[in-house]
Amino acid sequence: MSTKSKKRTQRKIAIILGTRPEIIKMTPVIRALEGKGADYYILHTGQHYSYNLDRIFFEQLKLPDARYNIDAGSGSHAEQTAKILVGVEEVLLKDRPDVVLVEGDTNSVLAGALAATKLHVQVGHVEAGLRSYDRQMPEEINRILADRCSDYLFAPTKKAKSILLHEGIPKSKIFVTGNTIVDAVYQNLEIARRSPNRNFRPITSHVEHRALNLEPRTYFLVTLHRQENVDNSTRLKGILQGLELVASEFSLPVIYPIHPRAAKMMRQFRLKPKNIELVEPLDFLAFLQLESNARLLLTDSGGVQEEACILKVPCVTLRDNTERPETINVGANVLAGATPNKILECTRLMLQRSTKWKNPFGDGKAGQRIVEIVT
Ligand code: UD1
Ligand code: UDP
């Protein structure tokens, strides 16, 4: 082995993650690192900490425990980002890696990338180059800044690469790898399909604790958690009314595993949607199973827009823009915003569309490619 290649195989990697989607989307990278016997550790920021947003995924996806958890928890943007920044710096000084990997656009990503680059630790950004061009979204600020801090920009698509080039990022730093969510879906879908139907834990008082016994294609599945939707009472009311219209026009159940942020805001605004089955957030296999069999998905989640496209389930996005335009371009997704009638119209439209689109997010080998590049 040459000195150069020997040196490269010894590079130490720190995976920084903190929220549900980061855990899910980093799993293929972690599996590839494990497969290679690489020197790496996981640093959990603690941004998500409830069992069903955090630990459940480590257990179900059989991930190694994080070596460090800085328990940042919830707070205002400044408070949360600052706690993570300080905590990450402490860990990186004590257990210095050669490369830090972050995934996506959360406060954990921004703080992780910033702390690392200030210590001259190289940063790899998984899912680089996504842009909604909407600076009201905290995620847009986080993505742009994380990309600016990064030495390796893992763009999921050619479109994301072209955005980065346009912003002046050198070509040599950009790698089109596909999105690791494709790997995660392919690695878990069969297991999900073979799993028995779960009992869902309803959280509305009018629904008894029972299995929903859902037959394929006989229900709609919803997720909704984004700050600009759920913290704004007008938008939240509009979306819930839209979902009620959909439930009554098609006479099909609307299942909504509710994110704690949305649950908190519904309580605060005293909103009690009718004809929507609110259930606790689900583990990944149960959610994948429900998603792959849904008639249609209605969501404001980034990951769910991608999964719908990969699973060939039509999607109505409850937002005015998306940083995943590939889903719209292939015909898998449409933007409905937060107006009740528009949500109903978009649902009608998507139910008539053919689902023969091609998945634009890669071949399911993104995790391996990323690991080959950084180790
Ligand atoms: C965060 C990300 C968002 C991502 C989402 C994934 C930012 C700015 N936002 O949003 O991009 O799409 O995660 O789900 O980074 N809470 C709990 N338990 C938890 C975590 C949060 O109950 O484990 C509740 C708390 O009331 C908290 C609220 O949810 O105040 C919001 O949590 P936070 O991490 O600030 O943002 P998310 O809405 O989860
Ligand atoms: N997800 C899950 N259980 C749920 C809802 C979502 O496992 O009850 C998964 C989903 O499959 C996707 C990810 O969570 O992989 C998306 O996370 P989220 O919507 O919280 O964040 P975003 O992708 O919008 O950042």
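How many residues apart are R143 and E140 in helix α6? They are 3 residues apart, so about one helical turn separates them. Helix α6 covers residues 138-149; helices here are DSSP runs (H or I, at least four residues), numbered from the N terminus.

This is a predicted model, where local features need pLDDT of at least 70, side-chain atom pairs count only at pLDDT 80 or more, and totals for chains, interfaces and linings use all residues. Residues are numbered from 1 along each chain as its sequence is written, and side-chain values use heavy atoms, with hydrogens and water left out.

R143 and E140 form a salt bridge, meaning a side-chain nitrogen of Lys or Arg within 4 Å of a carboxyl oxygen of Asp or Glu. Their closest N and O atoms are 2.4 Å apart. R143 is buried at 3% relative accessibility. E140 is buried too, at 2%. Buried means under 20% relative accessible area, exposed over 50%, and partly exposed in between (1.4 Å probe, protein chains only). Shared partners link salt bridges into one network of K25, D105, E127, E140, R143, E306, R319, E323 and R324.

Now take two members of that network, E306 and K25. Their side chains meet in a salt bridge of 2.8 Å, N to O. E306 sits in helix α13 (residues 302-311) and K25 in helix α2 (residues 20-36), so the pair ties together parts 281 residues apart in sequence. E306 is buried at 0%, and K25 is buried at 4%.

Helix α2 also holds K36. The side chains of K36 and E372 meet in a salt bridge of 3.8 Å, N to O. E372 lies in helix α16 (residues 366-374), so this pair joins parts 336 residues apart in sequence. K36 is partly exposed at 38%, and E372 is partly exposed at 49%. In total, the structure holds 21 salt bridges.

Technical notes:
Chains are lettered from A and ligands numbered from 1 in the order in which they are written. Helices (H or I, at least four residues) and strands (E, at least two) are DSSP runs, numbered from the N terminus.
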